[in-house]
Amino acid sequence: MFRQAAGGWCGAVTRDCSDVVREVLAVDPLLAFQCLADAHAVDDALADEIVRDFHTRLGQDEPGSRQADAVVAAFGLVAADRRPRGLAVFAQLCTTTETAAPTTQQARAALHALVATRSPRAARFIAPRLTTLPDAQEALVALGDVAIGALREMKDELPLTLVVRTLWMIRTPKAILTMGTLLDELTDDRPPEESWHLAFLLADLFKDHEAAAAMRSFPRSLTRRSAWRSWACVWEPYALNNPGLWLSSVPEMLAALLHEAARAGATPPEATEPDPRLVVPLALVEDAATHPGRLSLTADDLGEELRSDLDTLLGEEGTTAQLLTRHGLSLLGRKLAFDASPAHADEARADLARRVAAAAGLPDMRVRVLQWLRPELCTRAVQVLTSKGIATKDAWESGSSLLHYDFATRLPVLLPFYLMLSVAPGAKVAAIVRAGWPWGVQGWLSVIFLALSLASAVFLLLGRVPLRRPWSWSRPVRAVRLAFWIWFVLVVPSTCLLALVAWWGTWKSFTVGLVCFAGVLWVARPMARRQALADLLDDELPLLIQLLDEQASG
């Protein structure tokens, strides 16, 4: 109460407060120092004496102690005042910071006092000394948004990577927006490493929901560049949960820049981890240099060292060769992800998984990208690669298997055939009902065909077969996919045959029916394979996407 009353009285009255400050000084020197910030008029000799006394104490107390923090806060309070006394104390702190040895406690305390002013003046003093003062970066981070203007002014005088690293450490929406603006302002004559460095830092921040939301305000001139469009598929699996981010085009911009960095061999800066939702598609999804396709590895292709390390991991000599010979690469990938010996660290398993992927033909750029992932995500990504290979962009967008679009995109072609087939049986049934004719074989076949057609339409309507993406990642989705496969492979050709028989009245109808039947078989032929069914029921990629989304949300 006494502290508040003394400070309030010094700030409220306009007459000379020297006598009050002297009395306070005898009881509480620290409070007397704080009163200098509020008092309108104090004897200069008294003020200089108090400042001089506390300046000698600056940095003398145990760092982090209550007394040391109180002295620093008092200096910050006085130095923040823009009147002559405050400006003089501010200049004294600047001189102490520069002239004292940078590692001494007094220099550190003076720097902390400058931070305690919470003023742009302090930021403008500290920012140019980022490369010379050991604690300058921490000081600017402590200033937060106050330091952003000073950092922006120094973008051409200091290494840009150091400036943006400091903004990354501040991590406020304003700092993130400034990073986006700096990225937008980079010209073609600047080293591409600067863009990549910014992309890595932004991709690391992207894991935080609030930080990602702040990126929606990036300049449109940055996010709408045509160079990013080839990676528009990256955010599709997550667009339902984060629609605003998808519309802002930030994910595709970051993915494109990370892809450029990976091709050049760049690595994430220290202590950063790019959002795995952006990294995994760089390793799994096709690009201009790599077309979709499966990886291949046989026991004969394994080097001795890799074979030995895999056998050790799997727990028995010769296990790797047996797995590859009997079951193929996909089971080896699953073993690495789930069934390997628990005695091995996750990092060792991830390293082996990357070596297996490289031996199976995965391009070097994609192997480097896998190194950006945490071990458990790396092994899961390699599992998908060994099972499905390089995915198409359509497969990544839908979160489904590779061959999903081999037949799903043919649905618009198939439906017109179905409608054509329904005309004759529908007319036959209508004529029988209207005229009261006997049903006969053709009549009943027409009824069966129309029933099958109606059931198929209801199935597609109510089952909501995922043409763009599954609406759920649970096992019922596999049941729906299996029913879809049965519909294409069995129901559609069967109903076509029934329609053909129902039209058997003339050679002309037989010819038309035969043409339609051939068309249906041609459209459905990608599905009439065992591998197509296996790919359709596969849920490894959806489960990996779900894992990425869950980890980001957590």
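**View 1. Glu62 lies in the loop that runs between helix 4 (44-57) and helix 5 (66-79).** Helices here are DSSP runs of H or I with at least four residues, numbered from the N terminus. The model is a predicted one, in which local features need pLDDT of at least 70 and side-chain atom pairs count only at pLDDT 80 or more, while totals for chains, interfaces and linings use all residues. Residues are numbered from 1 along each chain as its sequence is written, and side-chain values use heavy atoms, with hydrogens and water left out. Glu62 counts as exposed because its relative accessibility is 58%, the cut-off being over 50% with a 1.4 Å probe and protein chains only. Although Glu62 and Gln105 are 43 residues apart in sequence, their C-alpha atoms are 9.2 Å apart in space.

**View 2. The largest pocket holds about 260 Å³ of space.** Its lining comprises 15 residues, of which Leu186, Asp188, Ser195, Arg225 and Leu257 are the closest to its centre. A pocket is an open set of points on a 1 Å grid over the protein atoms alone, where a 1.4 Å probe fits, with protein on both sides within 12 Å along at least five of seven lines; lining residues have an atom within 4 Å of a point. The volume is the space filled by probe spheres set on the points, which are joined across faces, edges and corners. Helix 13 (192-205) and helix 17 (250-263) each supply at least two lining residues, and helix 13 gives the most, with three.

**View 3. The second largest pocket holds about 230 Å³ of space.** Among its 15 lining residues, Pro63, Ala68, Val72, Ala109 and His112 are the closest to its centre. Helix 5 and helix 7 (105-116) are the elements that give two or more residues to this lining.

How values were computed:
Buried < 20%, exposed > 50% of the residue type's maximum accessible area, 1.4 Å probe, protein only.
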